[in-house]
Structures are given as structure tokens and as C-alpha cells.
Amino acid sequence: MQLKCMLLCVLVFTIGCESVKPWQRGNLARPEMSFAPDPLERALDEHIYFSKEASSSGSAISGGGCGCN
Amino acid sequence: MGEKCKALAALTAAAMELGVVGSVRASGLEDTKRVSYKYTQYREADLPVSKFHTENRLSSRSRYEIDIHQFLYQGPISRSTELKVSASTETMSGASPWYVARSSEGIPLQVMSGATISDSRTDLELALRNYTTATREYIYSFSYSTENDYSSLGLGYGFSKSSENQLHTIDLMANGAIDQVDATEADVYDRKDGEIKRSIGLSFGFSSIIHQNLLMSSSINYVLYSGYLSDPYKLAEVGEEGDTLPDSRPDNKNQFSWELSARRYLPTRDSALHLDYRFYQNSWEVESHTFELGWYFNLTSNWQIVPKVRYYSQTNAAFYQLFYTSTRADGYYSSDYRLSEFDAVSFKLKVNRKVDFGVFNIALEQYNSDGSHPGLVEFNRLSVGFALEFE
């Protein structure tokens, strides 16, 4: 199931893309379109959820330490 | 900076902050420097009386309270290299779940530690991004954290390449860390001391501009942990007599995750929708799904509100039990609530106030979890901060 979703994702990424010219990317440049508009908030989110759940995101390997049990 | 450069830079910054995904800096290095600060109060709810085991006189229902300060600086140090420095400090106090005991009626109740636990943690991360061409970038990172009973040292290396038309980016990242656990009062409680944990991770990411109002990214991540992966402060009740044994887990763990993110701008409502999903599984047979939905709504040109909802669901680890009626052949025991099966929902509301030189923000989160373990956590979080930009 997960593999099918991933393959579908790749299809969307590659086939679904329009040829968006640089001068058409104004909306994409808006701060709220960032994947992480607030890097500090994102870092703390990952740290807290990692400390309270059994899962972690792919980028949560560095930094280590839990701070709390 | 022109609109064209802004668009490319925004895509770059957005993708980079995802971790491994999307490190396109298509237009090269920005001149802007950024300084950010955030203060957070994290407060866990007291354990309900109905789930609390009262027979241990030292045990406390008052759980963790943590105060966190975070700092971030990001700016160029040469024509092709950017430095990012982040640091954080945490001070914490409160009681922690110890083990699960059965009441005389056989109901699982949480035994807590005393509320005298006090600790502090400091974290430092450095990252250098070197832009060799308009479409190629190398990343070098270093991280170190230390607290009374734990220290961690990490290194990372990454590579990013975007297509000539700047529509697609691929990223590769490798990192590793070595941690040391030095449990407090190891002699008194026969806890582990000087134990080592190692981790090695690999990630592959892909991000794209789908159309002029839609960005998407995806990554697959693999991490191998080895060494001491148990919790030195937890016990498990084993046998009919209520004896306890130290938390003991396998000395290796492989984990895989797949992450998918989409950002959709809605021109008619002057807002952006954020959708994130993560599938996770590991060799301890924990499997989880995480969904997060956020709406960045611009009330005016200076005020923005951001409601978010996050749903998380996980299965329990293969060797986890609330308590063990008999010994296990493999010797693995853990009653840690974080290895139990549970669901969690969190709601967050954030307000951003934009000014000429940056943004000020305040955010509130409420996190609730639901499952059969009596020690599952509920917490709230209040954050205030700012992010400033200058040339």
C-alpha cells in the first residue's frame, strides 16, 4: 500500500508538473508557502513529538537527547 | 530582490527546512541575514488520580514543566557559503512515569517518580551550505547536545541538485550520531552508566513545483540505531508477585519513514493550505501514521492567523506490555507508554504580526492522547518569539 502511494506520488510530481515560468512563481515566493515558515517552531515540534511518541522524522537523528522521559 | 529571485529563493528555503527534502538554492546565496528567538513554556497535565498508583510515598502526580529558549542565526559568510547556527536551552522539573503496577482489582496504575527530578539541556547545531553552482549545493552539519545524564554528537553531509528549469530538486543526505547515557544515581538504583548509542541515517528527497500555486515534496528516510536503546529510568512489573525488572529493549532498531508534503496557495482567500503526512515503521513492529493540516490565513497585510490540527496514531512495540505475567525468553521488557498503542490529537493556534523588519508571533498548542496505558501524556505549550531580517 505504501509503495503504491509512493509511486503515485512520483507520478504526480513528474507528470503533473506544468512548465511554470520564473515570473509566474510570485505566489510560491510568499512566506506562508514555505515548507517550514518558522524553523524554530518546526525544530521544537520534532523534538517534543520525538520525546513523547515512538516515531521520529527522517531529519531528527541529529541533536540527540530527549530532555525528558 | 526581484520577484523571480524571490520565488526561487522561497522555494529553496521552503524545501531546505524540510530536512533532507529540497535544498534548491537556484538563484544562489541570499544577502539577507536572519535572527530568530523563541521562548516556550511546556506544561504536562498532572496524572489523573484514577490512573495514579498511590502506594509509593515518593511518587508524585505532577509531571514535567519545561522552559525552552531557542536562538537561530542564518546568513552568508562568503559569496558561495551560508552559515546557520541554532542553539537551545531547556530547564525542566517534575515527575516521570516509572512503571505500571496492578491495583488489588487488577487495574493498571501508573507508578511515578518523585517530583524532584531537575535537569537542563543545551543544544548547538552548525550547518554550512556551499553553493557551487546555481543548481548544486553541498551541506555540512555538526550538532552537539548535553544534559545531566545524556550527551550527543552528530555529523551530517548532504548534496542537492535542481533541474535547469528549477522545477525539480533531488536531495541526498547522510548523517550519524553517537550518544552517551549516564543515568543519575546509577549506584543507588542499579541503573546503567556510560552506555553508548549509535545511529546512522540516509535520506533521499524530491521536491517539485506542480503549478504556480502548488508545491510538493516527498522523502524516504532510513535510520539504523544500535547500542543501548533502553530507558535507564523505567522498570517493568514481571510475574504474579509484582517484582520489577529494568526496562530492557533490543540493542538495534531499523526504522523507515516516508514523508509527503504539499503547500497550496489560495489566491481568492489570500491564504495557504499546508498538508503533511508521514508513514513510519521500525523493526520493533511499531507502525505509525501522522497527518497535519494547517491554514495560513492573512487577515490583513500585517496580521496572520494559523490554525493547525495534527493527528497521530501508532501500534505498540512487539515486546511491550503493561505488565508481564511471566518472564520472557528474549529478556525484553518495557512498559513505557511511548511504546504502547495510542492515538493523539493536537490543536495549535498561532498569530503572526508582520513588521517592516520581520515578524513577531505567539502560539498555543493543546496535545491529548488516548489509549490503554495509564501514563499517556497530555500537555500544552505556549510560545512567543520573533524573526528579524536585515542586510
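This is a predicted model: local features need pLDDT of at least 70, side-chain atom pairs count only at pLDDT 80 or more; totals for chains, interfaces and linings use all residues.
## Helix H2 of chain A and its cover

Two residues are in contact if their C-beta atoms, placed from the backbone, lie within 7 Å.

Chain A has two helices and zero strands, and 54% of its 69 residues are buried. Helix H2 of chain A takes in residues 39-52, 14 residues in total. From first C-alpha to last, H2(A) reaches 20 Å, close to the 20 Å expected at 1.5 Å a residue. The buried residues in H2(A) are Pro39(A), Leu40(A), Glu41(A), Ala43(A), Leu44(A), Asp45(A), His47(A), Ile48(A) and Lys52(A). An α-helix has 3.6 residues a turn, so residues three or four places apart point the same way.

## Nonpolar cores

The largest nonpolar core has 17 residues, of which Leu44(A) and Tyr42(B) touch the most other members. H2 of chain A, S2 of chain B and strand S18 (342-355) of chain B each supply at least two residues of this core. The largest share, four residues, comes from H2(A).

Leaving aside residues up to four places away in sequence, Leu44(A) touches Thr40(B), Ile68(B) and Gln70(B). Another core, of 14 residues, lies apart from the largest one; among its members are Trp98(B), Val111(B), Ala236(B) and Leu322(B).

## Two loop residues with positive phi

Gln166(B) is not a glycine, yet its phi is positive, near 65°. The residue sits in the loop between strand S8 (150-162) and strand S9 (168-182) of chain B. With 22 other C-beta atoms within 10 Å, Gln166(B) counts as buried, because the cut-off for a buried residue is 20 or more.

Glu285(B), also not a glycine, has a positive phi of about 70°. Its place is the loop between strand S15 (271-282) and strand S16 (287-298) of chain B. Glu285(B) has 12 other C-beta atoms within 10 Å and is therefore exposed, the cut-off for that class being 12 or fewer.

## Confidence

The model scores ipTM 0.89 and pTM 0.89. In chain B the average pLDDT is 89, and 90% of the residues score at least 70. Over residues 1-27 of chain B, however, the pLDDT is below 50. Beyond near neighbours in sequence, that stretch has 92 contacts in the model.

Methods
Residues are numbered from 1 along each chain as its sequence is written. Chains are lettered from A and ligands numbered from 1 in the order in which they are written. pLDDT is the predictor's confidence in each residue, from 0 to 100. The expected span of a helix is 1.5 Å times one less than its number of residues. A nonpolar core is a set of buried Ala, Val, Leu, Ile, Met, Phe, Trp, Tyr and Cys residues joined through C-beta atoms within 7 Å.
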